[in-house]
Amino acid sequence: MRTFAFCPRLYFFERHLGKETTLYQRIRMFLGRIWHALLEALEEEAEVEVRGELAGTEVVGKADVVKEDAVVEIKSGDGPSDGAWYGDYLQASIYAALLGRKKVIIKYRNGERTFEVDLEELERVLELFKLVAEGYLPPPKRSKWCSKCPYKDLCDALGDGWDGWFPRLPYVKRAKGVPARGSSRARP
Ligand code: SF4
């Protein structure tokens, strides 16, 4: 879901062509595994399995921490100053919806952000996710990260294919009351 939020076309390639990982991504995955092992040692309610269906999409995952009223996701990197990375927000919200929690708290190194779960928004995004998972090619979501994308040549060859049927997902879910900043962000 985080890849889908970052670039739906990248998710399409990973899903239908097999995932290619760069050295940078492999290092991040390794550090992530260490981080979650530490988390498990510190938190009793850490790493709660989540399994279910939302808007026709099968979800299997692990919530970092589940509290009485919220799902908490703990990230090893920084978040944007005006909210959360959209993929982090979506992932946490989907877990919260399936676990019957109304809030999500995303803890970054540079602070924590809290959001109410918006079921309508989740359903809209999951509908798009389902289309791409079924094989519809979405338009590219160009950013400065494209130069590092393992599918760049294929993506360029396929062209923009933009006919307006697929809305551009934001990079950042803004926290309430925080003014928007530029929309072109580095990959979280
Ligand atoms: S090159 Fe850019 S737009 Fe194309 S799939 Fe990769 S990240 Fe997405």
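**Exercise 1. The crossing of α4 and α5**

Task: In this predicted model, determine the handedness of the crossing of α4 and α5, and which residues make the contact.

Solution.
- Step 1. The crossing of α4 and α5 is left-handed.
- Step 2. Leu90, Ser93, Ile94 and Ala97 of α4 make the contact with Leu119, Leu122 and Val125 of α5.
- Step 3. Sorted by class, the residues of this contact are six nonpolar, one polar and no charged.
- Step 4. Helix α4 covers residues 86-99 and helix α5 covers residues 119-134; their axes come within 11 Å and cross at roughly 115°.
- Step 5. Angles of 65 to 115 degrees count as roughly perpendicular, and α4 and α5 are therefore roughly perpendicular to each other.

**Exercise 2. Tryptophan 145**

Task: Locate tryptophan 145 in the chain and decide whether tryptophan 145 is buried, partly exposed or exposed.

Solution.
- Step 1. Tryptophan 145 sits in the loop between α5 and α6.
- Step 2. Within 10 Å there are 16 other C-beta atoms.
- Step 3. A buried residue needs 20 or more such atoms, and an exposed one has 12 or fewer.
- Step 4. With its count of 16, tryptophan 145 is therefore partly exposed.
- Step 5. Phenylalanine 6 lies 139 residues away from tryptophan 145 in sequence, yet the C-alpha to C-alpha distance is 10.0 Å.

**Exercise 3. The shell around the ligand**

Task: State which residues come nearest to the ligand, which elements give two or more residues to the shell, and how the shell divides by class.

Solution.
- Step 1. There are 13 residues around the ligand, and the nearest are Cys7, Pro140, Cys146, Cys149 and Cys155.
- Step 2. Two or more residues of the shell come from each of α2 (8-17) and α6 (152-158).
- Step 3. The most is given by α2, with three residues.
- Step 4. By class, nine residues of the shell are nonpolar, four are charged and none is polar.

**Exercise 4. The chain as a whole**

Task: Give the number of helices and strands, the order of the elements, the share of buried residues and the share of contacts between residues 24 or more positions apart.

Solution.
- Step 1. Six helices and seven strands make up the elements of the chain.
- Step 2. Read from the N terminus, their order is α-α-α-β-β-β-β-α-β-β-α-α-β.
- Step 3. Of the 188 residues in the chain, 29% are buried.
- Step 4. Among contacts with a separation of 6 or more, 65% join residues 24 or more positions apart.

Methods. Residues numbered from 1 in each chain as written. Predicted model: local features only at pLDDT ≥ 70, side-chain atom pairs only at ≥ 80, totals over all residues. Near = placed C-beta within 6 Å. Helix = DSSP H or I, 4+ residues; strand = E, 2+ residues; numbered from the N terminus. Nonpolar A, V, L, I, M, F, W, Y, C, P; charged D, E, K, R; others polar. Contact = placed C-beta atoms within 7 Å. Axes fitted to C-alpha atoms, helices over the stretch in contact; angles between N-to-C directions. Parallel < 35°, antiparallel > 145°, perpendicular 65-115°, else oblique. Left-handed = near helix turned anticlockwise from the far one by under 90°.
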